[in-house]
Amino acid sequence: HKRGVVEIYWLPPECQIDYRGQILESTDKMSHQFVTIAGDGQLLFWDVRYKDIAEGKLPLVGRRLAFGAELKPGKEIHTTPWNPLYRVQLKRLEGVGDFTLCKFLHTHTNNDDKNKDRRSEIVCSSEEGEIIVADWRGTNMISKSSDAAVNDEQHTETDAPEYVCWTAPDHTRPPIALEKSPFFDDLVMSIGDYNFQLWKLDACLLQPVYSSPQSTSPLTAGCWSPTRPGVIFTARADGTLDVWDIPDSSRRPSHQLMVAPTRVTALKFLKPQANTTVIKQQLLAVGDKAGNLHVFDVPRSLWRPTQNEKSAIASFLDGEIDRVKYVQQRTQARRKEREARAAKDDASTVGTDTKLATADRTRRSSASVPQESAEFSIDELNAMNDEYKVLQAEFAEMMDIELDETKIPKIITPPSAPSPGAKSIKSAASIRVLS
């Protein structure tokens, strides 16, 4: 890897692969291979029997020279290099850039649907908050895997495998957990930010079928109930444990418990023994940031399944899928309506502009044609002059304005102000008279 490893996962015995990534049909009940993922977008498959593979003892698993070139005569090697058995580089569907992986989930379980082979199906999340569904055998190479005659020389550059099936935005930040439902093969829960989301992989809706309401504090951990299909446990940064009982309410937690005064960091159920048929108790271990371990006895109402609960959850998911499809169809129809309205507005705008241009050209052409001047007779001019004089006289009388013989208002000069010397003499005379 070119970046730090973020997860290691041991492949189940029935999912062992060869150096081409194809599933090996083996009766071995022990797992010899594991997968590592890192932020460089690579999935590397390792086999602990690398020495036997290098010596050619396992030709069906790997090639003898897969881990190095032939040694020159007289040159010895003391250690066998341990290189990946198989590499997968997850690239974006646009063809530019790699995914920065942070979480890994192998969707295969022993209870998988027999109609679909999920042994090579994986779900990853990126640091950008995306969810990636991929197949390490290659979506375009699975059909060729049944042909045993295919050899290395027949694989050309045009046969490059395409591993990514589809991607979709999930959270605004890297998810903290990816959990598969123990009761539904294609139901995956992603936890991040302030909510969790449920994804139906086979529906290929490119968006979650259910998103929980936003929490008041960031989520830090989460898991499915191992005995009830519709119960989910989530932990928050403020030390609260939320229990979501989907059949009871899908809009708020049905139970809340203050576990610790610090951040809850991990949740884990105690798995029942393989031979146990009757479960009398369910224990949940909770770890917090302070290093404390809390073990809780889950109430019976939260671990004992109700009647027909799985079918009720299946109906709930089908309803959510129908809702998402309806919203997508309406969104697409609305988009087409907007595009048609915009095209119509553009056409009407072009027509209006054409009409305005035509009217402007007509106005300009009519303005260029010389117009005949209006002529009045002497009697008409005298009549209009008499009407003006009458109106002028009425206006002068109303405004108290004197007109001279030529009917022009007289200019009245205001009296001049006395000089300062005269004013002082008059004031002095008035003083002598009063005395």
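Analyst: A charged patch here joins like charges within 9 Å, taken from residues with over 30% relative accessible area and no salt bridge. Lys and Arg count as positive. With that in place, and with the reminder that the model is predicted, the patch can be named: Arg330, Arg334, Arg335, Arg338 and Arg341 form a positive surface patch. One of these, Arg334, sits in helix H3, which covers residues 309-368. Its relative accessibility is 46%, so Arg334 counts as partly exposed.

Phe395, Met398, Met399 and Ile401 make up a surface patch of about 430 Å². Ile401 belongs to the loop between helix H4 (378-398) and helix H5 (420-434). With a relative accessible area of 37%, Ile401 is partly exposed.

Now the charges that do pair. The structure holds 19 salt bridges. In one of them, the side chains of Asp193 and Arg173 meet at 3.0 Å, N to O. Asp193 is in the loop between S10 and S11, while Arg173 is in the loop between strand S8 (164-169) and strand S9 (177-180), so this bridge ties together parts that are 20 residues apart in sequence. Arg173, at 44% relative accessibility, counts as partly exposed.

Asp193 also deserves a look at its backbone. Its phi is near 55 degrees, a positive value in a residue other than glycine. The loop that holds Asp193 runs between strand S10 (187-192) and strand S11 (195-200). Leu206 is another non-glycine residue with a positive phi, about 65 degrees. Leu206 lies in the loop between S11 and strand S12 (210-211). Whereas Asp193 is buried, Leu206 is partly exposed, with a relative accessible area of 45%.

Lys91 and Asp98 are bridged at 3.2 Å, N to O. Lys91 is partly exposed at a relative accessible area of 46%, and Asp98 is partly exposed at 34%. The bridge between Arg137 and Asp135 has an N to O distance of 3.9 Å, which falls within the 4 Å cut-off for a salt bridge. Here both Arg137 and Asp135 are buried. These two residues are part of a network of salt bridges that also links Glu25, Asp117 and Arg119.

The remaining contacts are between rings. A pair of aromatic rings is described by the distance of the centres and the angle of the planes. Over the whole structure, 12 aromatic pairs are found. Among them, Trp46 and Trp82 have ring centres 5.8 Å apart and planes at 85 degrees, so the pair is edge-to-face. Trp46 is in strand S3 (residues 42-47) and Trp82 in the loop between helix H1 (50-54) and strand S4 (86-89), so the pair ties together parts 36 residues apart in sequence. Trp46, at 17% relative accessibility, counts as buried, whereas Trp82 is partly exposed, with a relative accessible area of 37%.

Phe233 and Phe269 form an edge-to-face pair, with 5.1 Å from centre to centre and 70 degrees between the planes. This pair also links distant parts of the chain: Phe233 is in strand S14 (residues 231-236) and Phe269 in strand S17 (residues 264-269), 36 residues apart. Phe233 counts as buried at 2% relative accessibility. Phe269 is buried too, with a relative accessible area of 12%.

Returning to the tryptophans, Trp46 and Trp82 are members of a cluster in which ring pairs also link Trp10, Phe34 and Tyr50.

Technical notes
Residues are numbered from 1 along each chain as its sequence is written. This is a predicted model: local features need pLDDT of at least 70, side-chain atom pairs count only at pLDDT 80 or more; totals for chains, interfaces and linings use all residues. Side-chain values use heavy atoms; hydrogens and water are left out. Patches are made of residues with over 30% relative accessible area and no salt bridge: like charges are joined within 9 Å, nonpolar side chains (Val, Leu, Ile, Met, Phe, Trp, Tyr) within 5 Å. Accessible areas come from the Shrake-Rupley method with a 1.4 Å probe; for residues, only the protein chains shown count as cover. The place of a charge is taken as NZ of Lys, CZ of Arg, CG of Asp or CD of Glu. Helices (H or I, at least four residues) and strands (E, at least two) are DSSP runs, numbered from the N terminus. Buried means under 20% relative accessible area, exposed over 50%, partly exposed in between (1.4 Å probe, protein chains only). Rings of Phe, Tyr and Trp (its six-membered ring) pair if their centres lie within 6.5 Å; planes under 30 degrees apart count as stacked, over 60 as edge-to-face and the rest as tilted.
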